[in-house]
Amino acid sequence: MVGSAAGGRHVVYCGVCTLPPEYCEYGGTVKKCQEWLEKNHPDMYARIWSPEALEAATAQLSVEAKDRAAKDAKKKAAKAEAAEQKHADKLANSVVTIKRIERNKRKYVTSVSGLEAFGLELKKVSKDFGKKFATGSSVTKTPSGGEEIVVQGDVSGEIEEFILEKYKDIPEDNIELVEDKKKKGGG
């Protein structure tokens, strides 16, 4: 025991679903996982997904089990494709709303909502806004149950430019500028 050093085992995790590649088939992104594995670890891809490996894995199955496995694989692929399409539609229909809200006579706040649909963390974006515009910026809950970022001051135009510049995955068509007159309950 003195001569041998016990080392840890190196495990490769999928860059898409974060599971070990042997278990990617149980996730919902099999096609993307296969593409990632083929690009980054071709030797492991050949061991798991090559036609010979798939044939060897299904050789012991009965005819009924093979049919069932093929049917399940088709169903999973269709489900994954439908989920991907739904996500793409959701992104296309999502709108980032930038509102300029009057607090007192000449005081304004700018509220930004709808960023979470694009997979952005509101806390981090709020911090970026605060740093960029040198103002207070916070994440608040809306009455409808969602969250929005409230930035002190009238910076609606600049926020739109900043979002387009920094967060490239948000299309310009999905950003909407709105102007409110008086915030309810404002003193």
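Modeller: Contact here means heavy atoms within 4.5 Å. Please keep in mind that this is a predicted model.

Biologist: Thanks! Leaving aside its neighbours within four places in sequence, which residues is S126 in contact with?

Modeller: Let's start with where S126 sits, which is in helix 5, residues 122–133. Setting aside neighbours within four places in sequence, the contacts of S126 are S137, S138, V139 and I149.

Biologist: And does S126 count as buried or exposed?

Modeller: Buried means under 20% relative accessible area. The relative accessibility of S126 is 5%, so S126 counts as buried.

Biologist: How are helix 5 and helix 6 oriented to each other?

Modeller: Two packed helices are described by the angle between their axes and the distance between the axes. Here the axes of helix 5 and helix 6 (residues 156–166) come within 12 Å and cross at roughly 120 degrees. The two helices are therefore oblique.

Biologist: Which residues of helix 6 make the contact with helix 5?

Modeller: Helix 5 passes helix 6 in a right-handed crossing. On the helix 5 side, the contact is made by D128, F129, K132 and F133; on the helix 6 side, by E158, I159, F162, I163 and K166.

Biologist: Moving to helix 1, which exposed residues are on the face turned away from its buried side?

Modeller: In helix 1 (residues 30–40), C33, Q34 and L37 are buried. They cover an arc of only 100 degrees around the axis, so they lie on the same side of helix 1. The face turned away from that buried side carries the exposed residues K31, E35 and K39.

Technical notes:
Residues are numbered from 1 along each chain as its sequence is written. This is a predicted model: local features need pLDDT of at least 70, side-chain atom pairs count only at pLDDT 80 or more; totals for chains, interfaces and linings use all residues. Side-chain values use heavy atoms; hydrogens and water are left out. Helices (H or I, at least four residues) and strands (E, at least two) are DSSP runs, numbered from the N terminus. Buried means under 20% relative accessible area, exposed over 50%, partly exposed in between (1.4 Å probe, protein chains only). Axes are lines fitted to C-alpha atoms, for helices over the stretch in contact, and angles run from 0 to 180 degrees between N-to-C directions. Angles under 35 degrees count as roughly parallel, over 145 as roughly antiparallel, 65 to 115 as roughly perpendicular and the rest as oblique. A crossing is left-handed if the near helix is turned anticlockwise from the far one by less than a right angle, and right-handed if clockwise. The arc is that of the directions from the helix axis to the C-beta atoms.
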